[in-house]
Amino acid sequence: NEPLASWEGGARNGPLLSAALKQMHKALVEEQLVGIGLTVPFFNGVLHTSYPPERGSFGSAYTQTIREVASVLLRTDGEFTIHLYPWFARKGNPG
């Protein structure tokens, strides 16, 4: 859960994620467990800009990892997930 967050190891986990997803998908296929999607729930800190939403962008430290993970998820019918909490948005823009 949230492997790029500092409390989970941070950026050093980045290079491991796409390979881990590929291996997990391979294991599911080998066991004929089709239809099970994979995901990596990212923490909201991967975002450089989140407001307004149409100008959202990822932090440069995370861009390559996110691109690699998203590519694997797209090929394996996984889901791209970011834990966005409404409290953080309100805190950043209380008006």
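Predicted model: local features only at pLDDT ≥ 70, side-chain atom pairs only at ≥ 80, totals over all residues.
Where does Asp77 lie? Asp77 sits in the loop between H2 and S4.

Asp77 is not a glycine, yet its phi is positive, at about 60°. Asp77 is also exposed, with a relative accessible area of 66%. Glu2 shows a positive phi too, of about 50°, and Glu2 is not a glycine either. Glu2 belongs to the segment before H1. Is Glu2 buried or exposed? Its relative accessibility is 9%, so Glu2 counts as buried.

**Two helices side by side**

Now turn to the helices. H1 covers residues 14-30, and H2 covers residues 63-75. Their axes are 9 Å apart. The packing angle is about 10°. Angles under 35 degrees count as roughly parallel, and therefore H1 and H2 are roughly parallel to each other.

Which residues of H1 meet H2? They are Gly14, Leu17, Ser18, Leu21 and Lys22. On the H2 side, the partners are Thr65, Glu68, Val69, Val72, Leu73 and Arg75. Sorted by class, this contact of H1 with H2 has 5 nonpolar, 3 polar and 3 charged residues.

**One salt bridge**

Side chains of opposite charge can pair when their charged atoms come close. How many salt bridges does the structure hold? It holds 1 salt bridge. The side chains of Lys26 and Glu30 form a salt bridge, at 3.9 Å from N to O. The cut-off is 4 Å, so the 3.9 Å pair of Lys26 and Glu30 qualifies.

Both residues belong to helix H1. Lys26 and Glu30 are 4 residues apart there, which means about one helical turn separates them. Glu30 is exposed, with a relative accessible area of 54%. Lys26 is partly exposed, with a relative accessible area of 44%.

**Aromatic pairs**

A search of the whole structure finds 4 aromatic pairs. Among them is the pair of Trp7 and Phe43. Their ring centres are 5.7 Å apart, and their planes meet at 80°, so this pair is edge-to-face. Trp7 lies in the segment before H1, while Phe43 lies in strand S1, residues 39-43. The pair therefore ties together parts that are 36 residues apart in sequence. Trp7 is exposed, with a relative accessible area of 56%. Phe43 is buried, at 10%.

Phe42 and Phe80 form another pair. Their ring centres are 5.6 Å apart and their planes stand at 40°, so the pair is tilted. Phe42 is in strand S1, and Phe80 is in strand S4, residues 79-83. These two are 38 residues apart, and the pair links distant parts of the chain. Phe42 is buried, with a relative accessible area of 0%. Phe80 is partly exposed, at 36%.

Here are the two pairs again, in brief.

| Pair | Distance between ring centres | Angle between planes | Class |
|---|---|---|---|
| Trp7 and Phe43 | 5.7 Å | 80° | edge-to-face |
| Phe42 and Phe80 | 5.6 Å | 40° | tilted |

Which residues do ring pairs link into a cluster? The cluster consists of Trp7, Phe43 and Tyr62.

**Putting it together**

Helices H1 and H2 run roughly parallel. Strand S1 carries Phe43, which pairs with Trp7 from the segment before H1. Strand S1 also carries Phe42, whose partner Phe80 is in S4.

How values were computed
Residues numbered from 1 in each chain as written. Heavy atoms only, no water. Axes fitted to C-alpha atoms, helices over the stretch in contact; angles between N-to-C directions. Parallel < 35°, antiparallel > 145°, perpendicular 65-115°, else oblique. Contact = heavy atoms within 4.5 Å. Nonpolar A, V, L, I, M, F, W, Y, C, P; charged D, E, K, R; others polar. Buried < 20%, exposed > 50% of the residue type's maximum accessible area, 1.4 Å probe, protein only. Phe/Tyr/Trp six-rings, centres within 6.5 Å; stacked < 30°, edge-to-face > 60°.
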